[in-house]
Amino acid sequence: MSAVHVSVDQASCISSGQCVLTAGDVFDQREEDGVVTLLTDAPPPSLAADVRHAALLCPARAITVDESPDPPSA
């Protein structure tokens with residue numbers, strides 16, 4: 001299984017909220033302007049599909065998902 005790391009570009013965010021609707025355990029929106037905030041940049045594997053889907057739905061492409069393979073276990 002690979003580790004998922006997520007980052008957001010708040011300057012690009014247009015506050016559509018699709019990320020929060022898709023992966024509310026990972027994304028939130030600032031109260032004052034609705035810009036995306038991260039609740040975690042390393043969500044558990046159980047949320048990886050939701051995070052990838054949120055990145056695809058983002059109209060501003062403000063979400064980046066990086067998937068790195070886990071190191072081999074000893």
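In this predicted model, the number of disulfides is zero. C19 takes part in no disulfide, its nearest cysteine sulfur being that of C13 at 6.3 Å, and C58 is likewise in no disulfide, with the sulfur of C13 again the nearest cysteine sulfur, here 6.4 Å away. A disulfide is a covalent bond that joins the sulfur atoms of two cysteines, and the cut-off applied to a pair of cysteine sulfur atoms is 2.5 Å.

**Cysteines and burial**
- C19 has a relative accessibility of 10% and therefore counts as buried, since the term applies to values under 20%.
- C58, at a relative accessibility of 11%, also counts as buried.

- Rolling a probe the size of a water molecule over the atoms shows where empty space is left.
- The count of cavities of 30 Å³ or more comes to one, and the volume of the largest cavity is about 80 Å³.
- The lining of the largest cavity is made up of 15 residues, and those that lie nearest its centre are C13, S16, G17, C19 and C58.
- Sorted by residue class, the lining of the largest cavity holds nine nonpolar residues, six polar residues and no charged ones.

**T22 in helix α1**
- T22 belongs to helix α1, which covers residues 18-22.
- The relative accessible area of T22 is 19%, so T22 is classed as buried, the limit for that class being under 20%.
- When neighbours within four places in sequence are set aside, the contacts of T22 are with D50, H53, A54 and L57.

**Overall fold**
- The protein has two helices and four strands, and these follow one another along the sequence in the pattern β-α-β-β-α-β.
- With a radius of gyration of 13 Å, close to the 11 Å that the globule rule gives for 74 residues, the protein is as compact as a globular protein of that length.
- Taken along the principal axes, the box filled by the C-alpha atoms of the protein is roughly 45 × 20 × 15 Å.
- Of the 74 residues in the protein, 28% are buried.
- Among the contacts in the protein with a separation of 6 or more, 58% come from residues 24 or more positions apart.

Conventions. Residues are numbered from 1 along each chain as its sequence is written. This is a predicted model: local features need pLDDT of at least 70, side-chain atom pairs count only at pLDDT 80 or more; totals for chains, interfaces and linings use all residues. Side-chain values use heavy atoms; hydrogens and water are left out. On a 1 Å grid over the protein atoms alone, a cavity is a set of points where a 1.4 Å probe fits but cannot get out, and a pocket is an open set with protein on both sides within 12 Å along at least five of seven lines; lining residues have an atom within 4 Å of a point. Grid points are joined across faces, edges and corners, and a volume is the space filled by probe spheres set on the points. Ala, Val, Leu, Ile, Met, Phe, Trp, Tyr, Cys and Pro count as nonpolar, Asp, Glu, Lys and Arg as charged, and the others, Gly among them, as polar. Buried means under 20% relative accessible area, exposed over 50%, partly exposed in between (1.4 Å probe, protein chains only). Contact means heavy atoms within 4.5 Å. The radius of gyration is taken over C-alpha atoms; the globule rule is 2.2 Å times the number of residues to the power 0.38.
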